[in-house]
Amino acid sequence: MTDVTAQPEVTGQQAVLRVANISKEYQLGHGLFSRFGGAQKTSLKALDGVDLELRRGEVLALVGESGSGKSTLAKILVGALNPTAGDIHELGLADGAGRRERARRVQMVFQDPYSSLNPRISVGSMLAGLLRLHRVVPPGEVRAESIRLLNRVGLQEDALSAYPSQFSGGQRQRLAIARALAVRPDVLVADEPVSALDVSVQATILELFRSLQDELGLSILFVAHNLAVVQHLSQRVAVMYLGRIVETADTAEIFSNPRHPYTRALIDSIPRMSADSVTDQFEVEGEPPSPINVPSGCRFHPRCPIAVDRCRTEDPALSPVGPGHASACLLAGDLPAYRGGPELKEEQ
Amino acid sequence: MNETPLLSVRNLSLGVQRKGRATTVIVDDISFDVAEGERFGIVGESGSGKSLTLRAIANLLPAGVKVLSGSIAYRGQDLQTMPAKARRGLAGQEIAMIFQEPMTALNPVMRVGEQIAESPRRNLGLSKSAAMDLAIDMMRKTGIADPAHRARAYPHELSGGLRQRIMIAMALSCSPRLLLCDEPTTALDVTVQLQVLRLLEQLCEDTETALVFVTHDLGVVNQTCRELGVMYAGEIVERGRVKDVFADPRHPYTKGLLDSAPDFDQPDRELIAIPGFPPNLADRPDGCPFQPRCSFAVDRCATARPRLAPVLPGREAACFETARIFQGVTA
């Protein structure tokens, strides 16, 4: 559906992970009643032709509202889900690498640190198990490596004998990150890793992610809905809406010069801490429609304040609108100048 | 009229009392007033006691949590000493509440129109059909398209944003004077959050309803409220106008909170986390509860407890060293 060649050219940076034309469909109506009633099958398209590239050493933020497919895409990237169609290219992976090697390379950190750690396994055995399974270090060095991992995420050696319940939310998220790092991955996929944490703790975890990027050269896919957090951490942003990527650009570019009405609406919806509320024409009405019933034409047109007739029939592909900037909007070239971006404080 | 504030919370302490054990104080000696038509925000992190304070006002404290001391007065009448029947009469008609998670706050087996109509029928004595008309009218006011049809839906058939609008319609159905909101938009998507906040703002403005708004989101409180109380470990540590507090915080915790939160309008500012953890409430430190995490702390902070005291016109802070915290983060 979306034209693969329309992806912005990679500028010198090497990709570590690339997905092309990924779709994920769920068949609905297989319930008991419909089987007897012979109701027609409906399907839910969680992802509909997504192309995405994660470059070496970057933090790429995937943003969007509930139902946009961002978590589905994250799960496909770590191999927890299989796509219905499309290809995943793991670049730099040796030919014939097995499942275990594949799993080792891309690790995941989940949103809720209370449910993503096994409460009955001590931190020490959790880490040791992984280190042994993947033969990361010789058996004699497992303990030393575990301590090194804990120190890396800001925890002490005494955490080894403790259980997850003995830690606070922020510390648990550190444990989850240590677990992901244990197998020395190239890519970290983090699904809303700070949204369950208090603001003051959030900052320490964001700082940890940044140091992992700087010091270990990890590539991080950061799934988030909080745009202020995204702006602080990521280099590039991909905006998702109803199973599609509708805009991608460098972080500073996308927030100062958004070229898709949905991105503008998202930015204008941020409850601002210092600026007064932004009044722009890009306030949208209603809620994202259900992915069971995707609107015709541009999937954003029912909520779009500038939609024209063409938008109801033509489905726009993600196409370049500037260097490293792509938008899936038929009117991307005609959008009025943007005034809702960060109010930078230079004048004061 | 102007002498008595709409809501007056005085020296309120909440806690858990168990036989043979020391009392755990969760909310410790807090006081604030909310004037007619005022919008008062309470911000704080998990465990700061902000939601319990709201629940105490609404008389919806969870089992086991008790008012240990202090008073909550509505139009000068103490809610604690008021007969139970009179207090029930206030619920809905005078004081209403909106909860965070509309799915668990709505009755799943009752049509939403009937749920909205329930309170007007009981409190205003309306007939069944008149109450239903009012319900449909309220739904229209909250921006629900095709309200007559939607009134027949069950909560699970509606989206999160619509359910929150139903909650708002329900809370405002008897035109209360005081609306208590417990993180009403936390469960919603950002574009929908904006719509719901605008709606609340507009409806409260139209009817001059006062608002007590509990949230952990500094941006949301900036967009919704005029006055602000910052809670930490069950205490109000700073109080003042939202814009003033954000521009020039006078309590180290407020400053820490503002420094640690990413601000979209200051993308290059470094985030500074607050070191350490909130105190264990069962084992409250003697001095200032924030002292172990505070970079401004002096010897006195570990032994004596600072009280909320005026530091600027219209501003109070509970800190001995408040004079040293000048020029906050956003200035």
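Helices (H or I, at least four residues) and strands (E, at least two) are DSSP runs, numbered from the N terminus.

## Basis of the description

The model is a predicted one, in which local features need pLDDT of at least 70 and side-chain atom pairs count only at pLDDT 80 or more, while totals for chains, interfaces and linings use all residues. Residues are numbered from 1 along each chain as its sequence is written, and chains are lettered from A and ligands numbered from 1 in the order in which they are written.

## Helix H2 of chain A

A residue is called buried here if 20 or more other C-beta atoms, placed from the backbone, lie within 10 Å of its own, exposed if 12 or fewer do, and partly exposed in between. In helix H2 (residues 70-78) of chain A, seven of the nine residues are buried, so this helix is largely enclosed by the rest of the structure. The buried residues of H2(A) are Lys70(A), Thr72(A), Leu73(A), Ala74(A), Ile76(A), Leu77(A) and Val78(A). After H2(A) comes Gly79(A), which has a positive phi, near 85°.

## Helix H4 of chain A

Helix H4 (residues 123-133) of chain A has Val123(A), Met126(A), Leu127(A), Leu130(A) and Leu131(A) as buried residues. Because these residues cover an arc of only 125° around the axis, they lie on the same side of H4(A); the arc is that of the directions from the helix axis to the C-beta atoms.

The buried residues of H4(A) pack against helix H5 (142-152) and helix H6 (169-182) of chain A, whereas the face turned away from the buried side carries the exposed residues Arg132(A) and Leu133(A). Following H4(A) is Arg135(A), with a positive phi, near 45°.

## Chain B as a whole

Chain B contains eleven helices and twelve strands. Its radius of gyration, taken over C-alpha atoms, is 21 Å, close to the 20 Å that the globule rule (2.2 Å times the number of residues to the power 0.38) gives for 331 residues, so chain B is as compact as a globular protein of that length. The C-alpha trace of chain B spans about 65 × 50 × 40 Å along its principal axes, and 50% of the 331 residues count as buried.

## Where chain B meets chain A

Two residues are in contact if their C-beta atoms, placed from the backbone, lie within 7 Å. By this criterion, 34 residues of chain B are in contact with 34 residues of chain A. On the side of chain B that touches chain A, helix H8 (190-207), helix H9 (218-224) and helix H11 (252-260) of chain B each supply at least two residues.
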